Amino acid sequence: FNCSEAVNFALPDWLPFGRASIERYKDKKRSPVFCHERLVLILALKESKETGDEGHIQSEVLHVLEREMQERELIIKQTTAHKKVWCCDTAA
């Protein structure tokens, strides 16, 4: 027999563990089961509408933004480095 049970809720204390699991998936080059960033942003929007305050979600939103900015900077650096190599290769 196969018994499985799904839990479709989590307490706010779970968010850092969710972020850590996403990082582990990224390190192993695997796709995550869910989009942690989307979950965090939806929770922040919902909480701010209901209470007028982001509260405990704020730190997770900051992590999402920091990670996004770091990854964008990395892409820009990689693209710029690639363009420099490409320009030098065509000139040679």
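These are my notebook entries on one protein chain, taken from a predicted model.

**Entry 1: the outline**

I began with the secondary structure. I found three helices and zero strands in the protein chain. Reading along the sequence, I noted the pattern α-α-α. I then looked up burial. The chain has 92 residues, and 12% of them count as buried. Next came the surface. The protein chain exposes about 8,200 Å². Carbon and sulfur atoms supply 59% of that area. I also checked contacts between residues at least 6 apart in sequence. Of these, 43% join residues at least 24 apart.

**Entry 2: the core**

Which residues make up the largest nonpolar core? I listed six: Leu15, Val40, Ala44, Ile57, Val61 and Val64. Two elements give two or more residues to this core, namely α2 (36-51) and α3 (58-91).

Is His36 buried or exposed? I found His36 in helix α2. Its relative accessible area is 3%, under the 20% cut-off, so His36 is buried. I skipped residues up to four places away in sequence and noted what His36 touches: Trp14, Leu15, Gly18, Arg19, Ile22 and Glu60.

Glu60 was my next stop. Glu60 lies in helix α3. At 2% relative accessibility, Glu60 counts as buried. With residues up to four places away in sequence not counted, Glu60 touches Leu15, Pro16, Arg19, His36 and Val40. What joins the side chains of Glu60 and Arg19? I found a polar contact of 2.7 Å. Arg19 is also one of the residues that His36 touches.

**Entry 3: a nonpolar patch on the surface**

I turned to the outside. Trp14, Phe17, Val33, Phe34 and Leu39 make a nonpolar surface patch of about 490 Å². Phe17 sits in helix α1 (residues 15-27). Its relative accessibility is 61%, over the 50% cut-off, so Phe17 counts as exposed.

**Entry 4: Lys29 and its phi**

I looked at a backbone angle next. Most residues other than glycine have a negative phi. Lys29 is not a glycine, yet I noted a positive phi of about 55° for it. Where does Lys29 lie? I placed Lys29 in the loop between α1 and α2. At 75% relative accessibility, Lys29 counts as exposed.

**Entry 5: Leu62**

My last stop was Leu62, in helix α3. Its relative accessibility is 43%, which falls between the 20% and 50% cut-offs, so Leu62 counts as partly exposed. I also looked up its spacing from Val40.

Key. Residues are numbered from 1 along each chain as its sequence is written. This is a predicted model: local features need pLDDT of at least 70, side-chain atom pairs count only at pLDDT 80 or more; totals for chains, interfaces and linings use all residues. Side-chain values use heavy atoms; hydrogens and water are left out. Helices (H or I, at least four residues) and strands (E, at least two) are DSSP runs, numbered from the N terminus. Buried means under 20% relative accessible area, exposed over 50%, partly exposed in between (1.4 Å probe, protein chains only). Contact means heavy atoms within 4.5 Å. Accessible areas come from the Shrake-Rupley method with a 1.4 Å probe; for residues, only the protein chains shown count as cover. Patches are made of residues with over 30% relative accessible area and no salt bridge: like charges are joined within 9 Å, nonpolar side chains (Val, Leu, Ile, Met, Phe, Trp, Tyr) within 5 Å. A salt bridge is a side-chain nitrogen of Lys or Arg within 4 Å of a carboxyl oxygen of Asp or Glu. A nonpolar core is a set of buried Ala, Val, Leu, Ile, Met, Phe, Trp, Tyr and Cys residues joined through side-chain atoms within 4.5 Å. A polar contact is a pair of N or O atoms within 3.5 Å; within protein, one must be able to donate a hydrogen and the other to accept it, and residues adjacent in sequence count only if both atoms are side-chain atoms.
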